[in-house]
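Subject: A structure for you, with notes

Hi,

Here is the structure I promised to pass on. Please open it first, and then read my notes below.

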Amino acid sequence: MKARAWRNGGAIAALLVAGLALGATPRIASAQWATTFEQYYFADPSNWAFRNTYPASDRLFNAFDYGHAILYERLYTRPNDDPSALEEKEYEFITKKLLMKPPRLPLEEAAIEVEYAKLAPEAKQMFDWAHVLHRQVYDILADERVPLEQKDARIARVLAYYKSRPDLAFSSVPKTMDLMEGEDYGATFRRRFPKFNGLIWAYHWLQVGLYEPLLTANSSSARRAGVQATTRRFFQMLENAPENMPRVMPMTPAIAPTFTARYPELATIFDNLHGMHDVISDILASTIVPRNEKRAVILGVAARYRDATSYVWTRKEWLEMADMMGSNNMGGPAVGFSAYFPKPTVERGATMAEIMKAMGHDHGGQATQVTSPAAPMSAPAAPKADSTSSSKHVHPQ
C-alpha cells in the first residue's frame with residue numbers, strides 16, 4: 001500500500017489489526033522459501049494493561065511500526081531517491097501528523113513494507129516477535145493489580161515463551177558493535193539520513209526508557225506522571241531536529257539502568273533488536289551490497305543476532321561500554337532529567353571504532369569470540385564510508 005493512501009485516509013483500516021493479531025503471512029518472492037510462522041501473545045492476565053492505562057504512549061508504538069516499515073520499503077524500492085524524500089517529506093509526515101495522532105491499533109506492517117516483507121520475511125518476523133515481547137513486558141509492569149515481586153515471575157514466563165522460538169528470538173548474549181558497524185556498509189544509513197536516523201534512535205530511546213518510570217516510581221500516580229514525562233521528553237527530542245536526538249544508538253543499560261539491573265536478559269535482547277534494526281537500514285541503504293545479495297546478507301546478520309557464540313561481549317564489557325558511551329550521547333536519562341538536554345561529547349553518528357580511536361584505545365569493541373565454529377568467517381573490517389567497491393558480507397550459516 002502506498003504511503004499516500006495512508007495520508008489520504010482512504011485505506012487506513014486495511015493497515016490496522018486488533019491486538020497484533022497479524023493474520024496474513026507476507027508473500028514470498030519466487031525461488032525463496034521461508035519457514036517462519038506467526039505466533040500470538042503468551043496468555044497472561046496482564047495483557048493489554050499498558051494500552052488501557054497509558055493509551056497515549058501505547059499508540060505511539062503503532063506509529064513507530066509505520067516509521068520502521070516505510071523506511072525499509074523506501075530504502076529497498078527507491079534506492080536512488082534523493083535523501084530529502086526521507087529526511088524532509090516522510091520525516092515531516094511522521095513527526096507533524098502521524099505522531100500527533102497515532103493509530104489506535106497496531107499496524108499490519110506487511111501492508112506498508114510490501115516488497116521488503118517479501119525480501120526478508122524471516123527478519124521481519126524476528127522484529128515482530130521481539131515487539132510482542134516488548135508489549136507483554138510493558139503490560140506486566142503496568143498492571144497495578146500485581147505486586148512487583150510477582151511481576152518477576154510473570155516476566156520470566158513471558159521471556160521463556162519468547163525464547164521458545166529459536167528461529168526468531170534475539171540472543172540474550174550481548175553483541176558487540178562490530179556486528180552493527182564493522183562491515184563496509186556499516187553506518188551508511190546514519191550518514192546519509194542523519195535526521196531520520198535520529199528519529200529511529202529516539203524511538204528506541206522511548207521504547208526502553210518507558211520501563212524506568214514503571215519500575216522506579218513508588219505509586220500508581222507517580223508511575224502515570226513518570227510515563228507522561230518520559231513520553232513528553234521523546235517529543236522534545238524531535239524539536240530542532242536533529243539537535244536533541246541521540247548521537248549514538250541508545251543502549252538499555254544507559255537509558256534504563258533500573259530495568260537492566262532487574263531484567264538483564266531482556267535488556268540485552270532489546271539492545272540486540274535495536275542493533276539489527278540499524279544493520280538492516282545500512283544494508284538496504286548501501287550501494288556496496290548488490291541488490292541481489294541483500295537478502296543473503298540480511299539473513300546472515302539475523303543468524304548472528306540469534307546465536308550465542310559470535311560477536312559476543314561479556315555482560316561486564318556490555319555494561320562498561322554503555323557507561324563509557326554515556327546516556328548524554330544517547331538522548332539523556334529517561335527519568336529524573338532536567339529541562340535541558342545534557343551536553344553530548346561525541347560527533348553525531350560516530351561509530352564505536354571512531355570514538356574509541358579518538359579516546360586513544362585500539363580495541364574498538366571487537367568481539368570476544370568472532371565466529372561460531374560451525375560458520376567460519378574472517379574478522380570484520382574497520383568501518384568505511386559507503387562506496388561502490390566490493391565488500392565481504394555476513395552470510396547465513
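Which residues does Ile94 touch, not counting residues up to four places away in sequence? They are Tyr66, Gly67, Ile70, Leu99, Phe196, Leu199 and Tyr203, where contact means heavy atoms within 4.5 Å.

Before the rest, some housekeeping. This is a predicted model, so local features need pLDDT of at least 70 and side-chain atom pairs count only at pLDDT 80 or more, while totals for chains, interfaces and linings use all residues. Residues are numbered from 1 along each chain as its sequence is written, and side-chain values use heavy atoms, with hydrogens and water left out.

**Overall**

The protein chain has 18 helices and zero strands. Both are DSSP runs numbered from the N terminus: helices are H or I with at least four residues, strands are E with at least two. Of the 397 residues, 58% are buried (under 20% relative accessible area; exposed is over 50%, partly exposed in between, with a 1.4 Å probe and protein chains only). Among contacts with a separation of 6 or more, 82% join residues 24 or more positions apart.

**The core**

In soluble globular proteins, nonpolar side chains tend to be buried together.

**Cavities**

I counted eight cavities of 30 Å³ or more. A cavity here is a set of points, on a 1 Å grid over the protein atoms alone, where a 1.4 Å probe fits but cannot get out; lining residues have an atom within 4 Å of a point. Points are joined across faces, edges and corners, and a volume is the space filled by probe spheres set on them.

The largest cavity has a volume of about 100 Å³. Its lining has 13 residues, with Lys175, Met177, Met249, Asp271 and Asn272 nearest the centre. Helix 8 (177-181) and helix 15 (264-285) each give two or more residues, and helix 15 gives the most, with three. By class, the lining holds eight nonpolar, three polar and two charged residues (Ala, Val, Leu, Ile, Met, Phe, Trp, Tyr, Cys and Pro are nonpolar, Asp, Glu, Lys and Arg charged, the others, Gly among them, polar).

The second largest cavity holds about 80 Å³. Arg74, Arg78, Asp81 and Arg192 are among the residues that line it, and the lining divides into six nonpolar, no polar and five charged.

**Individual residues**

Glu181 is found in helix 8 and counts as buried because its relative accessibility is 5%. A polar atom of its side chain lies 2.7 Å from the backbone nitrogen of Met352.

Asp143 sits in the loop between helix 6 and helix 7 (148-163) and is also buried, at 4%. The side chain of Asp143 makes a polar contact with that of Arg145 (2.8 Å). A polar contact is a pair of N or O atoms within 3.5 Å; within protein, one must be able to donate a hydrogen and the other to accept it, and residues adjacent in sequence count only if both atoms are side-chain atoms.

Thr314 is partly exposed, at 37%. Its C-alpha atom is 8.8 Å from that of Lys175, 139 residues apart along the chain.

Best wishes

Key
On a 1 Å grid over the protein atoms alone, a cavity is a set of points where a 1.4 Å probe fits but cannot get out, and a pocket is an open set with protein on both sides within 12 Å along at least five of seven lines; lining residues have an atom within 4 Å of a point.
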